[in-house]
Amino acid sequence: MSRRVVVTGMGVVSPNGIGISAFLNAIQNGISGIKFMPLYEELKFSCQVAGKPSFVLEDLKNKNYISEVTFHGLKGTNIGYGLMAALDAWTDAGLTYDTDEPRWETGCIFGNSVSDTEAMKNVITRVDNKEVKKLGSRVVEQAMNSGVTSYISGRLGLGNKVITNSAACATGTQAILMGYETIKDGYAKRMLVGSSEYVDTYVFGSFDSMRVLSRKFNHEPEKASRPMSITAGGFVPGSGAAALVLEDLEFALARGATIYAEVLGGSANSGGQRTGGSMTAANPLGVIRCIEEAMANSQITGQQVDLISGHLTATNADMQEIQNWCKALNRSGDDFPLMNSLKSMIGHCLSAAGSIESVASILQIVHGFAHPNINLDDPNPEISKHINLNRLPTSVVNKDINIVAKANFGFGDVNTCLIFSKFNPDDTTRNFN
Amino acid sequence: MTRQEILIELRKVLSPYTLDKETLANIDEGTNLITDLKINSANLVDIIIDAETKYNIEIDYDAADKMVNVGGCIDVIEEKTNQQI
(Lines give C-alpha, C1' and ligand atoms only; values in the text may rest on other atoms or scores of the structure.)
Protein backbone atom coordinates (compact mmCIF):
# COMPACT_ATOMS: atom_id res chain seq x y z
CA MET A 1 0.00 0.00 0.00
CA SER A 2 1.48 3.27 -1.11
CA ARG A 3 0.62 6.42 0.76
CA ARG A 4 0.05 9.99 -0.36
CA VAL A 5 2.40 12.56 1.15
CA VAL A 6 1.42 16.15 1.84
CA VAL A 7 3.16 19.30 3.04
CA THR A 8 1.63 20.62 6.26
CA GLY A 9 4.23 23.08 7.53
CA MET A 10 6.98 25.34 6.19
CA GLY A 11 9.77 27.44 7.66
CA VAL A 12 12.44 29.52 5.94
CA VAL A 13 15.52 31.57 6.76
CA SER A 14 16.31 33.24 3.45
CA PRO A 15 18.61 36.13 2.48
CA ASN A 16 15.51 38.05 1.35
CA GLY A 17 13.22 37.19 4.24
CA ILE A 18 13.03 35.21 7.47
CA GLY A 19 9.69 33.53 8.08
CA ILE A 20 7.07 32.56 5.51
CA SER A 21 5.21 35.88 5.29
CA ALA A 22 8.36 38.00 4.79
CA PHE A 23 9.69 35.49 2.27
CA LEU A 24 6.38 35.35 0.36
CA ASN A 25 6.32 39.14 0.12
CA ALA A 26 9.93 39.16 -1.10
CA ILE A 27 9.46 36.60 -3.87
CA GLN A 28 6.22 38.19 -5.06
CA ASN A 29 7.93 41.55 -5.35
CA GLY A 30 11.31 40.44 -6.65
CA ILE A 31 13.22 41.66 -3.59
CA SER A 32 16.92 40.85 -3.67
CA GLY A 33 18.76 39.61 -0.59
CA ILE A 34 22.23 40.12 -2.08
CA LYS A 35 24.49 42.55 -0.23
CA PHE A 36 28.01 43.92 -0.50
CA MET A 37 30.36 42.30 2.02
CA PRO A 38 33.17 44.67 3.09
CA LEU A 39 35.07 41.76 4.66
CA TYR A 40 35.30 40.03 1.28
CA GLU A 41 36.88 43.12 -0.21
CA GLU A 42 39.40 43.11 2.63
CA LEU A 43 40.10 39.41 2.02
CA LYS A 44 40.75 40.17 -1.68
CA PHE A 45 37.98 37.93 -2.94
CA SER A 46 36.97 38.47 -6.57
CA CYS A 47 33.32 38.19 -5.60
CA GLN A 48 32.45 40.61 -2.81
CA VAL A 49 28.69 40.12 -2.60
CA ALA A 50 26.63 37.40 -0.91
CA GLY A 51 23.14 36.43 0.11
CA LYS A 52 22.99 36.45 3.89
CA PRO A 53 19.85 36.32 6.05
CA SER A 54 19.35 39.12 8.62
CA PHE A 55 19.64 36.42 11.24
CA VAL A 56 20.29 37.02 14.94
CA LEU A 57 21.51 33.92 16.76
CA GLU A 58 20.23 35.28 20.12
CA ASP A 59 16.67 35.06 18.75
CA LEU A 60 16.90 31.31 19.30
CA LYS A 61 17.03 32.00 23.04
CA ASN A 62 15.01 35.21 23.21
CA LYS A 63 12.12 33.82 21.18
CA ASN A 64 12.09 30.52 23.06
CA TYR A 65 13.24 28.24 20.24
CA ILE A 66 15.70 26.58 22.63
CA SER A 67 16.46 26.84 26.34
CA GLU A 68 19.09 29.23 27.67
CA VAL A 69 21.16 26.21 28.75
CA THR A 70 21.18 24.82 25.20
CA PHE A 71 21.88 28.29 23.84
CA HIS A 72 24.83 28.84 26.17
CA GLY A 73 27.84 27.66 24.16
CA LEU A 74 25.97 27.44 20.84
CA LYS A 75 28.06 29.18 18.21
CA GLY A 76 27.23 27.38 14.97
CA THR A 77 25.39 29.67 12.56
CA ASN A 78 24.56 26.74 10.30
CA ILE A 79 22.86 25.00 13.22
CA GLY A 80 21.06 28.24 14.07
CA TYR A 81 19.63 28.63 10.56
CA GLY A 82 18.52 24.99 10.40
CA LEU A 83 16.99 24.99 13.87
CA MET A 84 14.98 28.15 13.26
CA ALA A 85 13.64 26.96 9.89
CA ALA A 86 12.77 23.51 11.24
CA LEU A 87 11.08 24.78 14.41
CA ASP A 88 9.15 27.41 12.43
CA ALA A 89 7.92 24.67 10.07
CA TRP A 90 6.89 22.57 13.06
CA THR A 91 4.92 25.44 14.60
CA ASP A 92 3.42 26.28 11.20
CA ALA A 93 2.13 22.69 11.04
CA GLY A 94 0.20 23.36 14.24
CA LEU A 95 2.46 21.19 16.40
CA THR A 96 3.95 21.96 19.81
CA TYR A 97 7.59 21.53 20.87
CA ASP A 98 7.38 19.74 24.18
CA THR A 99 6.86 16.04 24.62
CA ASP A 100 7.78 13.63 27.42
CA GLU A 101 7.87 10.56 25.19
CA PRO A 102 9.80 10.29 21.91
CA ARG A 103 7.62 10.90 18.87
CA TRP A 104 8.21 7.48 17.32
CA GLU A 105 6.10 8.30 14.25
CA THR A 106 8.18 11.36 13.28
CA GLY A 107 11.69 11.47 11.85
CA CYS A 108 14.04 14.06 10.42
CA ILE A 109 16.14 14.20 7.25
CA PHE A 110 18.09 17.42 7.10
CA GLY A 111 21.18 18.17 5.07
CA ASN A 112 24.15 20.47 4.98
CA SER A 113 27.49 20.75 3.20
CA VAL A 114 30.05 21.34 5.91
CA SER A 115 29.00 21.39 9.55
CA ASP A 116 30.56 24.69 10.49
CA THR A 117 34.09 25.64 9.52
CA GLU A 118 34.16 28.44 12.09
CA ALA A 119 33.49 25.87 14.82
CA MET A 120 36.31 23.78 13.35
CA LYS A 121 38.58 26.82 13.24
CA ASN A 122 38.13 27.17 17.01
CA VAL A 123 39.16 23.52 17.42
CA ILE A 124 42.19 23.90 15.16
CA THR A 125 43.37 27.08 16.89
CA ARG A 126 42.98 25.64 20.39
CA VAL A 127 44.67 22.36 19.53
CA ASP A 128 47.54 24.07 17.74
CA ASN A 129 48.02 26.38 20.74
CA LYS A 130 48.18 23.34 23.06
CA GLU A 131 44.94 24.47 24.73
CA VAL A 132 42.87 21.39 24.05
CA LYS A 133 41.63 21.34 27.65
CA LYS A 134 39.77 24.60 27.03
CA LEU A 135 37.59 23.27 24.23
CA GLY A 136 34.82 21.99 26.50
CA SER A 137 31.88 19.71 25.89
CA ARG A 138 29.96 21.66 23.25
CA VAL A 139 32.43 21.54 20.37
CA VAL A 140 31.90 18.04 18.98
CA GLU A 141 28.13 18.41 18.66
CA GLN A 142 28.63 21.58 16.60
CA ALA A 143 31.55 20.32 14.53
CA MET A 144 29.94 17.02 13.59
CA ASN A 145 28.09 16.97 10.30
CA SER A 146 24.92 15.73 12.00
CA GLY A 147 24.84 18.74 14.35
CA VAL A 148 21.75 20.29 12.77
CA THR A 149 19.64 17.11 12.81
CA SER A 150 20.78 16.41 16.38
CA TYR A 151 19.62 19.79 17.64
CA ILE A 152 16.32 19.58 15.75
CA SER A 153 15.44 16.04 16.78
CA GLY A 154 16.51 16.70 20.37
CA ARG A 155 14.35 19.79 20.69
CA LEU A 156 11.27 18.00 19.35
CA GLY A 157 11.87 14.49 20.68
CA LEU A 158 11.78 12.92 17.21
CA GLY A 159 11.97 9.15 17.48
CA ASN A 160 11.84 7.85 13.92
CA LYS A 161 14.85 7.82 11.60
CA VAL A 162 17.12 10.85 11.91
CA ILE A 163 19.46 11.24 8.93
CA THR A 164 21.89 13.93 7.86
CA ASN A 165 22.34 13.95 4.10
CA SER A 166 24.86 15.73 1.92
CA ALA A 167 24.80 15.95 -1.88
CA ALA A 168 26.26 19.39 -2.60
CA CYS A 169 23.69 21.63 -4.35
CA ALA A 170 21.15 18.78 -4.54
CA THR A 171 21.14 18.29 -0.75
CA GLY A 172 17.87 20.09 -0.01
CA THR A 173 15.75 18.46 -2.71
CA GLN A 174 17.33 15.10 -1.85
CA ALA A 175 16.35 15.46 1.82
CA ILE A 176 12.75 16.19 0.82
CA LEU A 177 12.71 13.23 -1.57
CA MET A 178 14.04 10.86 1.10
CA GLY A 179 11.49 12.12 3.59
CA TYR A 180 8.73 11.62 1.03
CA GLU A 181 9.89 8.05 0.34
CA THR A 182 10.06 7.24 4.06
CA ILE A 183 6.40 8.15 4.50
CA LYS A 184 5.23 6.71 1.17
CA ASP A 185 6.78 3.36 2.02
CA GLY A 186 5.15 3.38 5.46
CA TYR A 187 8.22 3.75 7.69
CA ALA A 188 7.06 7.02 9.28
CA LYS A 189 3.89 9.09 9.53
CA ARG A 190 5.63 12.44 9.57
CA MET A 191 9.06 13.69 8.48
CA LEU A 192 10.66 17.05 9.21
CA VAL A 193 12.89 17.63 6.19
CA GLY A 194 15.06 20.39 4.77
CA SER A 195 18.58 21.71 4.65
CA SER A 196 20.83 24.54 5.73
CA GLU A 197 23.98 26.24 4.58
CA TYR A 198 26.22 28.80 6.21
CA VAL A 199 28.71 30.09 3.67
CA ASP A 200 31.49 31.41 5.88
CA THR A 201 34.68 33.00 4.54
CA TYR A 202 36.43 29.65 4.14
CA VAL A 203 33.70 28.03 2.08
CA PHE A 204 33.23 31.25 0.11
CA GLY A 205 36.97 31.58 -0.55
CA SER A 206 37.15 28.03 -1.89
CA PHE A 207 34.49 28.80 -4.49
CA ASP A 208 36.03 32.19 -5.24
CA SER A 209 39.30 30.47 -6.10
CA MET A 210 37.49 28.31 -8.68
CA ARG A 211 36.58 31.50 -10.60
CA VAL A 212 32.93 30.47 -10.77
CA LEU A 213 31.53 33.44 -8.83
CA SER A 214 30.00 36.72 -10.00
CA ARG A 215 32.66 39.47 -9.86
CA LYS A 216 31.51 42.34 -12.08
CA PHE A 217 28.66 43.65 -9.93
CA ASN A 218 30.39 44.11 -6.57
CA HIS A 219 29.14 47.70 -6.36
CA GLU A 220 25.61 46.84 -7.54
CA PRO A 221 24.98 43.82 -5.31
CA GLU A 222 21.29 43.46 -6.18
CA LYS A 223 22.26 43.01 -9.83
CA ALA A 224 25.02 40.49 -9.15
CA SER A 225 22.97 37.29 -9.43
CA ARG A 226 21.88 37.09 -13.08
CA PRO A 227 20.73 33.60 -14.11
CA MET A 228 20.23 33.22 -17.90
CA SER A 229 21.54 36.74 -18.56
CA ILE A 230 24.17 37.42 -21.24
CA THR A 231 26.12 39.30 -18.57
CA ALA A 232 25.90 36.43 -16.06
CA GLY A 233 29.44 35.83 -14.93
CA GLY A 234 29.08 33.25 -12.21
CA PHE A 235 26.94 32.62 -9.18
CA VAL A 236 26.58 34.52 -5.91
CA PRO A 237 26.89 32.31 -2.81
CA GLY A 238 23.99 32.52 -0.38
CA SER A 239 23.27 31.24 3.12
CA GLY A 240 20.10 30.15 4.83
CA ALA A 241 17.82 27.21 5.51
CA ALA A 242 14.33 25.93 4.91
CA ALA A 243 12.23 23.09 6.23
CA LEU A 244 9.02 21.26 5.39
CA VAL A 245 6.78 19.10 7.53
CA LEU A 246 5.72 16.15 5.37
CA GLU A 247 2.89 13.91 6.52
CA ASP A 248 1.03 10.82 5.49
CA LEU A 249 -2.22 12.20 4.05
CA GLU A 250 -4.54 10.20 6.31
CA PHE A 251 -2.46 11.04 9.38
CA ALA A 252 -2.61 14.74 8.48
CA LEU A 253 -6.36 14.68 7.80
CA ALA A 254 -7.03 12.85 11.07
CA ARG A 255 -5.52 15.69 13.07
CA GLY A 256 -7.16 18.39 10.93
CA ALA A 257 -3.88 19.74 9.57
CA THR A 258 -3.73 22.51 6.98
CA ILE A 259 -2.47 21.03 3.71
CA TYR A 260 -0.37 23.32 1.55
CA ALA A 261 0.47 20.94 -1.30
CA GLU A 262 1.16 17.35 -2.22
CA VAL A 263 4.51 15.81 -3.05
CA LEU A 264 3.62 13.65 -6.05
CA GLY A 265 7.04 12.09 -6.33
CA GLY A 266 10.57 12.64 -7.45
CA SER A 267 13.82 11.09 -8.47
CA ALA A 268 17.48 11.26 -7.51
CA ASN A 269 20.29 9.97 -9.66
CA SER A 270 23.79 10.71 -10.90
CA GLY A 271 25.16 11.27 -14.36
CA GLY A 272 28.09 9.10 -13.36
CA GLN A 273 30.56 11.86 -14.33
CA ARG A 274 30.45 10.43 -17.87
CA THR A 275 29.35 11.67 -21.33
CA GLY A 276 29.79 15.35 -20.54
CA GLY A 277 29.42 15.01 -16.79
CA SER A 278 32.32 15.60 -14.42
CA MET A 279 32.95 16.51 -10.80
CA THR A 280 31.61 19.99 -11.54
CA ALA A 281 29.42 19.59 -14.63
CA ALA A 282 26.15 17.72 -15.02
CA ASN A 283 25.90 14.95 -17.59
CA PRO A 284 22.86 16.08 -19.64
CA LEU A 285 21.68 12.47 -19.99
CA GLY A 286 21.60 12.12 -16.20
CA VAL A 287 19.64 15.34 -15.77
CA ILE A 288 17.08 14.43 -18.45
CA ARG A 289 16.67 10.93 -17.03
CA CYS A 290 16.21 12.33 -13.51
CA ILE A 291 13.43 14.70 -14.61
CA GLU A 292 11.75 11.98 -16.71
CA GLU A 293 11.84 9.53 -13.80
CA ALA A 294 10.46 12.15 -11.40
CA MET A 295 7.49 12.73 -13.74
CA ALA A 296 6.96 8.98 -14.27
CA ASN A 297 7.06 8.31 -10.51
CA SER A 298 4.55 11.14 -10.05
CA GLN A 299 2.31 9.78 -12.82
CA ILE A 300 2.32 13.05 -14.73
CA THR A 301 3.40 14.02 -18.23
CA GLY A 302 5.58 16.95 -19.22
CA GLN A 303 2.46 18.70 -20.54
CA GLN A 304 1.07 18.95 -17.00
CA VAL A 305 3.98 20.99 -15.62
CA ASP A 306 2.87 24.59 -15.09
CA LEU A 307 6.09 25.94 -13.68
CA ILE A 308 9.73 24.91 -13.56
CA SER A 309 11.74 26.06 -10.58
CA GLY A 310 15.14 25.68 -12.18
CA HIS A 311 18.58 25.13 -10.76
CA LEU A 312 19.83 28.02 -12.98
CA THR A 313 22.76 29.40 -11.01
CA ALA A 314 24.00 32.09 -13.46
CA THR A 315 26.92 30.16 -14.90
CA ASN A 316 27.34 28.89 -18.44
CA ALA A 317 25.50 25.72 -17.34
CA ASP A 318 22.19 27.65 -17.57
CA MET A 319 21.96 27.21 -21.36
CA GLN A 320 22.50 23.46 -21.13
CA GLU A 321 19.91 23.24 -18.35
CA ILE A 322 17.24 24.92 -20.50
CA GLN A 323 17.90 22.41 -23.29
CA ASN A 324 17.74 19.54 -20.80
CA TRP A 325 14.31 20.67 -19.60
CA CYS A 326 13.11 20.97 -23.21
CA LYS A 327 14.14 17.39 -23.92
CA ALA A 328 12.84 15.93 -20.64
CA LEU A 329 9.42 17.61 -20.93
CA ASN A 330 9.36 17.35 -24.72
CA ARG A 331 8.27 20.99 -24.82
CA SER A 332 9.91 24.06 -26.34
CA GLY A 333 9.21 27.46 -27.89
CA ASP A 334 5.79 28.83 -26.95
CA ASP A 335 4.79 25.47 -25.49
CA PHE A 336 7.46 25.58 -22.75
CA PRO A 337 6.10 26.05 -19.19
CA LEU A 338 6.91 29.13 -17.16
CA MET A 339 10.35 28.90 -15.58
CA ASN A 340 12.07 30.92 -12.87
CA SER A 341 15.21 30.97 -10.78
CA LEU A 342 14.94 32.05 -7.16
CA LYS A 343 18.73 32.44 -7.26
CA SER A 344 18.25 35.74 -9.09
CA MET A 345 17.04 37.13 -5.74
CA ILE A 346 18.98 35.20 -3.09
CA GLY A 347 21.99 33.76 -4.88
CA HIS A 348 22.94 30.12 -4.77
CA CYS A 349 22.39 28.79 -1.25
CA LEU A 350 24.26 25.55 -2.08
CA SER A 351 22.94 22.83 0.27
CA ALA A 352 20.07 25.09 1.34
CA ALA A 353 19.09 25.93 -2.25
CA GLY A 354 16.80 22.93 -2.75
CA SER A 355 14.79 23.43 0.43
CA ILE A 356 14.42 27.22 0.12
CA GLU A 357 13.45 26.87 -3.56
CA SER A 358 10.97 24.11 -2.63
CA VAL A 359 9.28 26.43 -0.13
CA ALA A 360 9.11 29.06 -2.90
CA SER A 361 7.62 26.44 -5.26
CA ILE A 362 4.90 25.51 -2.77
CA LEU A 363 4.10 29.16 -2.03
CA GLN A 364 3.60 29.74 -5.76
CA ILE A 365 1.12 26.83 -5.84
CA VAL A 366 -0.71 28.01 -2.71
CA HIS A 367 -0.95 31.67 -3.75
CA GLY A 368 -1.24 31.20 -7.54
CA PHE A 369 1.70 33.09 -9.00
CA ALA A 370 5.06 32.69 -10.70
CA HIS A 371 7.73 34.85 -9.11
CA PRO A 372 9.86 37.08 -11.35
CA ASN A 373 13.36 36.34 -12.57
CA ILE A 374 15.06 39.56 -11.53
CA ASN A 375 18.08 40.84 -13.49
CA LEU A 376 16.89 39.23 -16.70
CA ASP A 377 16.84 42.52 -18.61
CA ASP A 378 19.52 41.16 -21.00
CA PRO A 379 18.71 37.48 -21.56
CA ASN A 380 21.26 35.31 -23.31
CA PRO A 381 20.22 35.33 -27.02
CA GLU A 382 20.83 31.56 -27.13
CA ILE A 383 17.69 31.06 -25.03
CA SER A 384 15.27 32.02 -27.80
CA LYS A 385 16.61 29.20 -29.97
CA HIS A 386 14.94 26.85 -27.51
CA ILE A 387 12.08 28.61 -25.73
CA ASN A 388 10.05 31.79 -26.04
CA LEU A 389 11.50 34.46 -23.75
CA ASN A 390 8.03 35.19 -22.42
CA ARG A 391 8.28 31.83 -20.63
CA LEU A 392 10.76 33.50 -18.25
CA PRO A 393 8.73 36.07 -16.30
CA THR A 394 10.52 39.28 -15.33
CA SER A 395 7.60 40.49 -13.24
CA VAL A 396 5.21 38.49 -11.11
CA VAL A 397 2.64 36.46 -13.09
CA ASN A 398 -0.61 35.83 -11.21
CA LYS A 399 -1.84 32.51 -12.48
CA ASP A 400 -3.17 29.21 -11.21
CA ILE A 401 -0.19 26.91 -10.66
CA ASN A 402 -1.10 23.25 -10.29
CA ILE A 403 2.19 21.45 -10.76
CA VAL A 404 5.77 22.61 -10.20
CA ALA A 405 8.87 20.67 -11.21
CA LYS A 406 11.76 21.59 -8.90
CA ALA A 407 15.26 20.32 -9.66
CA ASN A 408 18.79 20.82 -8.39
CA PHE A 409 22.07 19.55 -9.79
CA GLY A 410 25.19 19.32 -7.65
CA PHE A 411 28.95 18.80 -7.70
CA GLY A 412 29.71 15.12 -8.06
CA ASP A 413 27.18 15.06 -10.94
CA VAL A 414 24.24 14.37 -8.61
CA ASN A 415 20.67 15.32 -9.51
CA THR A 416 17.32 15.48 -7.74
CA CYS A 417 13.94 16.45 -9.15
CA LEU A 418 10.72 16.83 -7.15
CA ILE A 419 7.14 17.21 -8.39
CA PHE A 420 4.87 19.34 -6.17
CA SER A 421 1.15 19.64 -6.82
CA LYS A 422 -1.83 21.54 -5.54
CA PHE A 423 -3.59 19.17 -3.15
CA ASN A 424 -6.70 17.61 -4.68
CA PRO A 425 -8.42 15.22 -2.21
CA ASP A 426 -10.45 13.62 -5.02
CA ASP A 427 -7.51 12.97 -7.34
CA THR A 428 -8.49 10.11 -9.62
CA THR A 429 -5.76 10.61 -12.20
CA ARG A 430 -3.19 8.71 -10.21
CA ASN A 431 -3.08 5.20 -8.85
CA PHE A 432 -2.03 5.32 -5.19
CA ASN A 433 -2.24 1.60 -4.53
CA MET B 1 37.71 33.43 50.68
CA THR B 2 35.32 31.69 53.04
CA ARG B 3 33.39 28.64 51.89
CA GLN B 4 30.22 30.75 51.84
CA GLU B 5 31.93 33.34 49.59
CA ILE B 6 33.02 30.58 47.22
CA LEU B 7 29.47 29.18 47.20
CA ILE B 8 28.04 32.56 46.17
CA GLU B 9 30.52 32.83 43.30
CA LEU B 10 30.02 29.17 42.35
CA ARG B 11 26.31 29.84 41.92
CA LYS B 12 27.18 32.27 39.10
CA VAL B 13 29.41 29.66 37.46
CA LEU B 14 26.65 27.05 37.56
CA SER B 15 23.88 29.36 36.39
CA PRO B 16 24.24 28.98 32.59
CA TYR B 17 24.04 25.19 32.93
CA THR B 18 20.77 24.77 34.84
CA LEU B 19 17.20 25.73 34.08
CA ASP B 20 16.16 25.13 37.70
CA LYS B 21 16.78 28.63 39.03
CA GLU B 22 14.84 27.97 42.22
CA THR B 23 17.06 25.08 43.27
CA LEU B 24 20.08 27.14 42.24
CA ALA B 25 18.99 29.98 44.53
CA ASN B 26 18.81 27.56 47.47
CA ILE B 27 21.94 25.44 46.96
CA ASP B 28 23.94 24.24 49.92
CA GLU B 29 27.04 22.07 50.21
CA GLY B 30 24.98 18.89 49.78
CA THR B 31 23.34 19.94 46.49
CA ASN B 32 24.19 17.45 43.72
CA LEU B 33 24.95 19.04 40.35
CA ILE B 34 23.40 16.30 38.25
CA THR B 35 20.49 14.97 40.31
CA ASP B 36 19.41 18.18 42.06
CA LEU B 37 20.35 20.91 39.56
CA LYS B 38 19.63 18.63 36.56
CA ILE B 39 22.86 19.63 34.88
CA ASN B 40 23.80 17.50 31.85
CA SER B 41 26.80 15.41 32.97
CA ALA B 42 28.67 16.39 29.78
CA ASN B 43 28.51 20.03 30.93
CA LEU B 44 30.57 19.30 34.10
CA VAL B 45 33.61 19.73 31.84
CA ASP B 46 32.44 23.23 30.92
CA ILE B 47 31.86 24.12 34.57
CA ILE B 48 35.42 23.01 35.35
CA ILE B 49 36.78 25.14 32.48
CA ASP B 50 34.74 28.14 33.64
CA ALA B 51 35.96 27.68 37.25
CA GLU B 52 39.57 27.38 36.04
CA THR B 53 39.23 30.67 34.19
CA LYS B 54 37.40 32.44 36.99
CA TYR B 55 39.85 31.47 39.75
CA ASN B 56 42.93 31.18 37.55
CA ILE B 57 43.54 27.63 38.74
CA GLU B 58 44.10 24.26 37.10
CA ILE B 59 41.77 21.44 37.97
CA ASP B 60 43.24 18.03 37.14
CA TYR B 61 41.29 14.84 36.41
CA ASP B 62 41.45 13.56 40.02
CA ALA B 63 40.21 16.84 41.47
CA ALA B 64 37.46 17.07 38.84
CA ASP B 65 36.08 13.71 39.97
CA LYS B 66 35.24 15.28 43.34
CA MET B 67 33.12 18.03 41.79
CA VAL B 68 29.79 16.17 41.87
CA ASN B 69 28.16 18.28 44.55
CA VAL B 70 28.50 21.87 45.68
CA GLY B 71 30.59 20.92 48.74
CA GLY B 72 33.01 18.97 46.54
CA CYS B 73 33.35 21.92 44.15
CA ILE B 74 34.10 24.24 47.06
CA ASP B 75 36.72 21.77 48.43
CA VAL B 76 38.53 21.75 45.10
CA ILE B 77 38.36 25.52 44.52
CA GLU B 78 39.48 26.20 48.12
CA GLU B 79 42.38 23.78 47.84
CA LYS B 80 43.57 25.03 44.44
CA THR B 81 43.30 28.73 45.29
CA ASN B 82 45.19 28.15 48.58
CA GLN B 83 47.99 26.45 46.63
CA GLN B 84 48.47 29.67 44.72
CA ILE B 85 49.21 31.65 47.92
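The paragraphs below go from the domains to the cores.

In this predicted model, chain A is divided into domain 1, which runs over residues 5-261, and domain 2, which runs over residues 270-421. The centres of domain 1 and domain 2 of chain A, taken over C-alpha atoms, are separated by 22 Å. Where the two touch, 60 residues of domain 1 of chain A and 56 residues of domain 2 of chain A take part in the contact.

On the side of domain 1 of chain A that touches domain 2 of chain A, several elements each supply at least two residues, including strand E1 (5-14), helix H1 (20-28), helix H9 (171-184) and strand E7 (190-197) of chain A. Helix H9 of chain A gives the largest share of that side, seven residues. Sorted by class, this side of domain 1 of chain A holds 32 nonpolar, 25 polar and three charged residues.

We can now turn to the cores. The largest nonpolar core has 132 residues, and A:Leu192 and A:Ile291 are those with the most contacts inside it. Helix H5 of chain A, residues 77-92, contributes the largest share of this core, nine residues. Because domain 1 (5-261) and domain 2 (270-421) of chain A both give residues to this core, it lies between them.

Which residues does A:Leu192 contact, once its neighbours within four places in sequence are left aside? Among them are A:Ala86, A:Ala89, A:Trp90, A:Ile152, A:Leu158 and A:Val245.

Methods: Residues are numbered from 1 along each chain as its sequence is written. Chains are lettered from A and ligands numbered from 1 in the order in which they are written. This is a predicted model: local features need pLDDT of at least 70, side-chain atom pairs count only at pLDDT 80 or more; totals for chains, interfaces and linings use all residues. A nonpolar core is a set of buried Ala, Val, Leu, Ile, Met, Phe, Trp, Tyr and Cys residues joined through C-beta atoms within 7 Å. A residue is buried if 20 or more other C-beta atoms lie within 10 Å of its own, exposed if 12 or fewer, and partly exposed in between; C-beta atoms are placed from the backbone. Helices (H or I, at least four residues) and strands (E, at least two) are DSSP runs, numbered from the N terminus. Domain bounds come from an automatic or database domain assignment. Two residues are in contact if their C-beta atoms, placed from the backbone, lie within 7 Å. Ala, Val, Leu, Ile, Met, Phe, Trp, Tyr, Cys and Pro count as nonpolar, Asp, Glu, Lys and Arg as charged, and the others, Gly among them, as polar.
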